[in-house]
Each structure stands twice: as C-alpha cells, then as structure tokens.
Amino acid sequence: MQRFSSIFSQILQLFSRSEFESAVKKHQTEYASKGFSSWGHFIALLFCQLGRAYSLREICDGLACCEGKLKHLGVSEPPKRSTLSYANKHRPWELFQTIFGHLYSKCQGIATNSNFGRKKFKFKNKLYSLDSSTITLTLSLYNWARYRRAKGAVKLHLLLDHDGYLPSYAIISDGKKSDIAVAKILKFEKGAVLVIDRGYTEYDWYALLSLQGVFFVSRLKDNAAFTEVTEKARPAAGDKILSDRVITFDNQKPDENGKKPEFRMIKAWIDGEQGIFTFLTNNMEFDAVTIAEIYKDRWAIESFFKAIKQNLKIKTFLGTSENAVMTQIWTALISMLILRYLQLTSKIKWSLSNLVALLRMQLFVYRELIAWLNNPKEGPPQLAEIPQLSFKFSY
C-alpha cells in the first residue's frame, strides 16, 4: 500500500527549500536565532494560520501534540513560547515577504491555465484591482502605529491579479499613508488594466498612466469639473449605457503642446445596484459595457479583504512589536496564496470558508493531498487490519 506524508507536509512541498535557504542568507535571519531555525519559525506561523492556533500557547502545544509527525515537516521538536515570541519580535519580516514572492510566481503559472478567475473578458490585457484595508490596533499596546489621537492602525495596500484572483503585490504601511501615495510608487506593465475606486483620484496620475500605456477604470467624483470634447456613441433606446463621452478636466494643466489629456466618461445603469454609475477610463477602445463589467469585477478585491479577515489570523496578533505584526500579516498573505493554489489545483469548486474549515481538521492526516481536494468526503485509505487480542477469563 502506498504511504503518504501528512497533508501539511505536502503543502510545505510548495516551497523550494533551496529558495528558502537563499532567502535566509539574503536577509540573515539565522543571526541570534537561539537554535530556532527560520524554517521552524515559518512552519509555526503557517500552523497558526491554517490550523487556527490563535495564541503562542495554542501554536506550541498544538505542534507538541503532533511531535511524532514533525520530522516529516523538517523540524525535530516544537518551539517554546518564549522562543517563538522572541523570533516574532526579532527575525526580519522581509524573509516572509520574499517567500510570498516565490510562491506567487508558482501560483501565477497555474492561474494562467486555469478556469478559476477571469474568463468572462475576451481581452488579453492583464487585469488588476488596487485597494487598501485598514487593520485597527490598540494604541496602548501598539504605540508605534499611531493613527489617530486614541487609535492605532496599519494599512494593507494590495494589488489583486484577476487571473486566479491572486494577491500579487502588497505594501504594509502606517494607517496615515494615503492610497494615492502608494499607488504612485507602483509600476505596471504596458497594456495592463487597473481597476480603482475614487480614493485614487488624481488627474495628473491618470495622465501619467496614459503616457505609460497603462489603462485604468474608476468612478468619476460627483464634484468633478470637466468639459465635454465629443460623444463617442449615442446609445440605442433601452440600452443600459446612457452616455459615452470624451472629456477633459477643467483644473488640469495642458501639456507642452497646449493640449489637455482626454478621458472617457461612461454613464451606465447597473441592475444589481439599481442605480446610475459614472465611470472614468483612459481606454478608448473597449466597448462601454466591458468598462462597466470591469469595474463590477473590482468587487473581487473587497471579497479578498473580507475573506482574509474572516478566515485567517490578521485582526489580532501574537506580538505587539512592529516586526511581529508585519511577520504575521505576510504569513497570512502566504496562506491566502496556498489556499488559492489549492482552489486552482482542485477539480471541484471549493468555497474558501469550507476549504479553510476542512483543511484545519486534515492538516496532520496521512493521505494524498490532491485526492483529498478532489474528493474530500472519501476517507483516507484503510490501514491493514490489526488482529484483535483475545482474552480468556477464568472464574
């Protein structure tokens, strides 16, 4: 009978140990490690996220209960609470950021050939959503994360790749960092389509994206002052596209040739929202319905933030230092990539909540991972029957 390692062990095979050790050397994370390896630290934090061990005690005791199976994970013994706490505070969080990048590259290749994700659009341009989510902190405990007078916070800025709905890039900043300030430092490939909300409104940045060959789709602010240049197409009677016009903004300076950048304003009736929405884009080629559908797909990044906060440990933290918070957020993002990878690999459509719940109960079960993903209701292979002991009682 074929024997398998635990499901947790098979998940860890997604990470190349040679790449991991290269990242360890790059960030020098073994310095003053006190015998607790970076790999062991990584396993403990993944167990926190995937096994829902929500405290240092639960992590250490949970791994201790599986001590006989830890050798399959590449560690010899579970960590002590003080050791894990020290590592969270002092081991550079940049290690986990690098590991996130390695795993994203692997997931990206699978997402390109998968039916999971963006197949509703016919265009071949890469589609991304950019948004942020604030994670509130208790100021008395996290005094380095001052956000308001009596509140602390960090902000997760995320770029979501709609091929597989993968988190492709993240920046973790203090709560005061504006969305547009982060957006300006990001680089996008030529031809990419970026979906953003009105929090990123800055007309000069829109013009810069146009010069870089990057398309955007957003919503127009209600108080925007603009001048209509021309009407692209007059909508047919009964059409959900109410207008499609080319405009320039009144308060935007012209270029050296005296010409202002032109943008496209589309008004459309959205059935699900039962209202009229005004979209803004610099793409003059896509039809108006496609522009409206692209913005509608922006809801995927809102769903991502909701999913990571509901299913992983990202709202409460194992330590109060900045390094501990950053480390935990990055391992939560790595865990989301793992879950997306499993969804992309499986032949059945898993909801994220069901996958997290069932995976938690199967982490240390010895069975083939892909077989479980494709048929989770089937039990593990039966072990050979152990002959029963027979007892004779004399009276």
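The structure holds 23 aromatic pairs. Note that this is a predicted model.

**Aromatic pairs**

Take Trp 205 and Tyr 206. Their ring centres are 6.2 Å apart and their planes meet at 40°, so the pair is tilted. That angle falls between the limits of 30 degrees for stacked and 60 for edge-to-face.

Tyr 206 also pairs with Phe 263. Here the ring centres are 6.2 Å apart and the planes stand at 70°, so this pair is edge-to-face. The angle is over the limit of 60 degrees.

What does the contact between Tyr 206 and Phe 263 tie together? Tyr 206 lies in helix H8 (residues 203-211), while Phe 263 belongs to strand S9 (residues 263-270). The pair therefore ties together parts that are 57 residues apart in sequence.

Both pairs belong to a wider group. One aromatic cluster is formed by Tyr 203, Trp 205, Tyr 206, Phe 216, Phe 249 and Phe 263.

**Exposure**

| Residue | Relative accessibility | Class |
|---|---|---|
| Trp 205 | 4% | buried |
| Tyr 206 | 1% | buried |
| Phe 263 | 0% | buried |
| Leu 242 | 39% | partly exposed |
| Gly 35 | 78% | exposed |

Trp 205 counts as buried because its 4% is under the 20% limit. Leu 242, at 39%, falls between the limits of 20% and 50%, so the class is partly exposed.

**Surface patch**

Leu 242 is found in strand S8 (residues 241-249). Together with Trp 269 and Ile 276, Leu 242 makes a nonpolar surface patch of about 270 Å².

**Charge over a ring**

Which ring lies under the charged end of Arg 17? The ring is that of Trp 39, and the charged end sits 4.1 Å from the ring centre.

**The loop at Gly 35**

Gly 35 is placed in the loop between helix H2 (17-27) and helix H3 (38-50). At 78% relative accessible area, Gly 35 is exposed, because the value is over 50%. How far apart are the C-alpha atoms of Gly 35 and Phe 188? They are separated by 41 Å, and the two residues are 153 residues apart along the chain.

Methods. Residues numbered from 1 in each chain as written. Predicted model: local features only at pLDDT ≥ 70, side-chain atom pairs only at ≥ 80, totals over all residues. Heavy atoms only, no water. Patch = residues over 30% accessible without salt bridge, like charges linked within 9 Å, V, L, I, M, F, W, Y side chains within 5 Å. Areas by Shrake-Rupley, 256 points an atom, 1.4 Å probe, with all protein chains shown as cover. Salt bridge = Lys/Arg side-chain N within 4 Å of Asp/Glu carboxyl O. Helix = DSSP H or I, 4+ residues; strand = E, 2+ residues; numbered from the N terminus. Buried < 20%, exposed > 50% of the residue type's maximum accessible area, 1.4 Å probe, protein only. Phe/Tyr/Trp six-rings, centres within 6.5 Å; stacked < 30°, edge-to-face > 60°. Lys NZ or Arg CZ within 6 Å of the ring centre and 35° of its normal.
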